[in-house]
Every structure is written in C-alpha cells, then in structure tokens.
Amino acid sequence: MAKTKAAGSVPNKHLYSRLSYLHQAATFLGSQVGNTHHFESESPAADQSRLQLARHLLTDLRATSLKSQIRLSPAMKHTICKFCDTLLIEGETSTSIVENKSKHGKKPWADVLVIKCNACHGVKRFPVQAQRQKRRPQREQAPEDTRKPTTIKQPGLSDEKVDVTMNDG
Ligand SMILES: [Zn+2]
C-alpha cells in the first residue's frame with residue numbers, strides 16, 4: 001500500500017520537529033544555567049555540563065539544518081555561536097555591545113550590535129538601523145534598468161544610507 005500524502009501536509013515534517021526539539025532542549029538547558037541551588041548537591045560544574053550538552057544539541061541542530069537544507073529562522077540563529085555552536089546567553093555565555101565606527105559616531109544608522117561568544121571569542125555583528133537586504137531570489141531587478149535616464153543623482157541626499165557597510169573609519 002503506497003503512502004498517500006495528506007493535502008497541505010508539510011514535507012519533511014519530522015525534520016522540522018527535530019530542529020525545533022533540539023533548539024527547545026538547548027534553550028531549556030540554557031535557562032537552567034545559574035539555577036544551581038535547586039538541589040544542594042549541585043555544583044557550578046553542573047552548569048558547565050548543561051552548556052556542554054546544549055552545545056552538543058546545537059551542533060546536531062546545525063548538521064540537521066545543513067543536510068536537510070532547511071534554513072533556521074534568524075531568531076534561532078541569533079542564539080547560536082556560528083563558530084563553536086555555544087548557546088549564546090546574554091551575560092552568561094556572551095556579552096554584547098553597540099559599536100559605531102562612523103567618524104566620531106556621527107551616523108546613528110551605523111550602530112552595530114556586536115555579540116561576543118565568551119567560549120571562543122567569536123563575534124557576530126548585526127546592523128541595528130540598516131535595512132536587511134532581501135534574499136537573492138526576492139531581490140528586484142537592478143533599479144538602474146527602470147530608472148528614467150533624465151534622473152540626476154544627487155550625492156549625499158538619497159544615497160547617504162548606502163555607506164553604512166562600507167565605512168571603515
Ligand atoms: Zn563561540
């Protein structure tokens with residue numbers, strides 16, 4: 001008897017369940033870090049083994065996502081160190097600062113949230129103000145094609161936001 005697919009069913013549902021379960025398990029373990037006083041027998045070493053287990057789960061999560069080609073949601077990705085798979089917990093396993101590398105910090109839209117992993121010291125950077133670029137298939141055709149030839153570019157007016165990513169100093 002051939003399996004019939006129910007209409008509207010999600011393909012690879014078990015993989016989504018797996019990804020979700022792994023992430024929930026890891027964040028649950030992470031939420032227990034610092035709560036070591038439930039039981040008198042618990043020591044700070046228990047936190048370390050929780051974080052180690054969480055990392056193990058997240059390594060598995062990443063492998064599952066890569067193999068199944070299922071993208072993790074940005075929110076999920078933001079909680080995982082991309083270098084060592086540590087669960088990033090603000091103030092616990094990670095520290096975050098806002099830096100602004102524009103000249104004298106004069107450009108408020110150049111604010112970048114920098115999250116540093118305390119395990120491997122890798123950093124993730126998130127522009128705070130700049131709009132996210134769309135994924136390639138969703139991008140429009142290059143605007144030059146549709147632009148009227150009579151339009152004169154005025155530097156420093158509408159294009160000011162462009163240099164957010166190019167500004168080095
Ligand atoms: Zn790390």
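Predicted model: local features only at pLDDT ≥ 70, side-chain atom pairs only at ≥ 80, totals over all residues.
Reader: In what pattern do the helices and strands follow one another along the sequence?
Author: The chain holds 3 helices and 3 strands. Read along the sequence, they give the pattern α-α-α-β-β-β.

Reader: What span should helix α1 have, and how far apart are its end C-alpha atoms?
Author: Helix α1 covers residues 13-32, which is 20 residues.

Reader: How wide an arc do the buried residues of α1 cover around the axis?
Author: The buried residues of α1 are Leu 19, Leu 22, His 23, Ala 26, Leu 29 and Gly 30. They lie on the same side of α1, because the arc they cover around the axis is only 125°.

Reader: Which residues are exposed on the other side of α1?
Author: An α-helix has 3.6 residues a turn, so residues three or four places apart point the same way. The buried side of α1 has a cover that includes α2 (44-68) and α3 (74-77). On the other side of α1, the exposed residues are Lys 13, His 14, Ser 17, Ser 20, Tyr 21, Gln 24 and Phe 28.

Reader: How does α2 compare with its expected length, and which of its residues are buried?
Author: With 25 residues, α2 reaches 36 Å from first C-alpha to last, close to the expected 36 Å. Among what covers its buried residues is α1. Those buried residues are Arg 50, Leu 51, Ala 54, Arg 55, Leu 57, Leu 58 and Leu 61.

Reader: Which element gives the most residues to the largest nonpolar core?
Author: This core has 14 residues, and Ala 26, Ala 54, Leu 57, Leu 58 and Leu 87 touch the most other members. The elements that give two or more residues to the core are α1 and α2. With 5 residues, the element that gives the most is α2.

Reader: Which residues is Ala 54 in contact with, leaving aside its neighbours within four places in sequence?
Author: Ala 54 is one of the buried residues of α2, and α1 is part of what covers that buried set. Leaving aside neighbours within four places in sequence, the contacts of Ala 54 are Ala 26, Leu 29, Gly 30 and Leu 87.

Reader: Turning to the strands, what is the bridge partner of Leu 113 in β3?
Author: Strand β1 (residues 94-100) runs antiparallel to β2 (residues 111-117), with 7 bridges joining them. There, Leu 113 of β2 is the partner of Val 98. β2 is also antiparallel to β3 (residues 123-127), through 5 bridges. In β3, the partner of Leu 113 is Phe 126.

Reader: Which residue in the turn between β2 and β3 has a positive phi?
Author: β2 and β3 form a hairpin, with 5 residues between them. Phi is positive, at about 60°, in a turn residue: His 121.

Reader: Is Cys 120 buried, partly exposed or exposed?
Author: Cys 120 sits in the loop between β2 and β3. Leaving out residues up to four places away in sequence, Cys 120 touches Cys 81, Phe 83 and Cys 84. Its C-alpha is 8.8 Å from that of Cys 81, which is 39 residues apart in sequence. Because it has 13 C-beta neighbours inside 10 Å, Cys 120 counts as partly exposed.

Reader: And what about Gln 69: is it buried or exposed?
Author: Gln 69 lies in the loop between α2 and α3. Its phi is near 60°, a positive value in a residue other than glycine. Gln 69 has 8 C-beta neighbours inside 10 Å, so it counts as exposed.

How values were computed
Residues numbered from 1 in each chain as written. Helix = DSSP H or I, 4+ residues; strand = E, 2+ residues; numbered from the N terminus. Expected span 1.5 Å × (residues − 1). Buried ≥ 20, exposed ≤ 12 C-beta atoms within 10 Å, placed from the backbone. Arc of directions from axis to C-beta. Contact = placed C-beta atoms within 7 Å. Core = buried A, V, L, I, M, F, W, Y, C linked by C-beta atoms within 7 Å. Pairing = 2+ DSSP bridges.
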